[in-house]
Amino acid sequence: MTVNNCSCDLFNVDSYSIINELINKKITVNHIITDPPYNISKKNNFSTMKNPRAGVDFGKWDQGKFDLFSWIPLYSKILDKNGSMIIFCSYRYISYISDVLESEEAGMTVKDVLIWKKSNPMPRNINRRYVQDMEFAVWAVKKNAKWIFNKPKDLPYCRSLFTTSTVSGTERTEHPTQKSLDLMKQIISIHTNEGQTILDPFMGSGTTGVAAVELIRNFIGIELEQKYFEISKRRIESL
């Protein structure tokens, strides 16, 4: 479909099952920006909270069975020679993801780790633990790439720290790990150019796609879960 003069292709399939088709069709994308499962879900007790979440439990898709790494070399095959990847992850896996990106098979070079600082983080036992107010993303580019970095003109230099609130109000969907639209628009503005194509193999609630289309980028989104695919489709079509 065409949205805001941008091409948008959305697939309700497993990203591992469709990649060979994309390779065989010689599909090429400029950037991969994605927020895959973190494999960190577990039970805990927030019984003192109003409407408590059932622990840090985001669903079966995040309960330790997702293959965190082997998709990276596969999808690097459809990146153009100046392409980049930005992969959100838990702090536990930054080094592992970096190693896979810089493997001979993937052929990438890690440039930086981006940090999302939440101005309104989820509460926890503040007398016994630090508040977890940050998430991370590994930024890598193809080896020898002429990569894109659009430093905002009103800044003397660009820090890798992005501060926004978590998602609330009308922007909020059913997806438990939805990223902030403001965050994704900032990242896409810096790391991509208008008219380029961004692929998200783990589309979730579709925030990367919404940000891409609003900023006049083409978008390819892949999401396995039917419920989240429909949420993404509605959000993008509404533009």
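This is a predicted model: local features need pLDDT of at least 70, side-chain atom pairs count only at pLDDT 80 or more; totals for chains, interfaces and linings use all residues.
Residues are numbered from 1 along each chain as its sequence is written, and side-chain values use heavy atoms, with hydrogens and water left out.

**View 1. The whole chain.** The secondary structure comes to six helices and nine strands, these being DSSP runs numbered from the N terminus (helices are H or I with at least four residues, strands are E with at least two). Of the 239 residues, 48% count as buried, a word that stands for under 20% relative accessible area, whereas exposed stands for over 50% and partly exposed for what lies in between (1.4 Å probe, protein chains only). Among contacts (heavy atoms within 4.5 Å) between residues at least 6 apart in sequence, 71% join residues at least 24 apart.

**View 2. Helix H5 and the residue after it.** Seven of the eight residues of helix H5 (residues 207-214) are buried, so this helix is largely enclosed by the rest of the structure. The buried residues are Thr207, Thr208, Gly209, Val210, Ala211, Ala212 and Val213. H5 is followed by isoleucine 216, which has a positive phi, near 60 degrees.

**View 3. The second largest pocket.** About 180 Å³ of space lies in this pocket. Its lining includes Pro152, Leu155, Tyr157, Arg159, Phe162 and Gln186, and the lining residues divide into eight nonpolar, two polar and one charged. Strand E7 (161-164) and helix H4 (181-191) each supply at least two lining residues, and H4 gives the most, with three.

**View 4. Leucine 239.** Leucine 239 lies in the segment after helix H6 (226-237). This leucine is partly exposed, with a relative accessible area of 40%. Not counting residues up to four places away in sequence, leucine 239 touches Val3, Val210, Val213 and Glu214. Leucine 239 and glutamate 214 are 25 residues apart in sequence, and their C-alpha atoms are 7.8 Å apart in space.

Notes: On a 1 Å grid over the protein atoms alone, a cavity is a set of points where a 1.4 Å probe fits but cannot get out, and a pocket is an open set with protein on both sides within 12 Å along at least five of seven lines; lining residues have an atom within 4 Å of a point. Grid points are joined across faces, edges and corners, and a volume is the space filled by probe spheres set on the points. Ala, Val, Leu, Ile, Met, Phe, Trp, Tyr, Cys and Pro count as nonpolar, Asp, Glu, Lys and Arg as charged, and the others, Gly among them, as polar.
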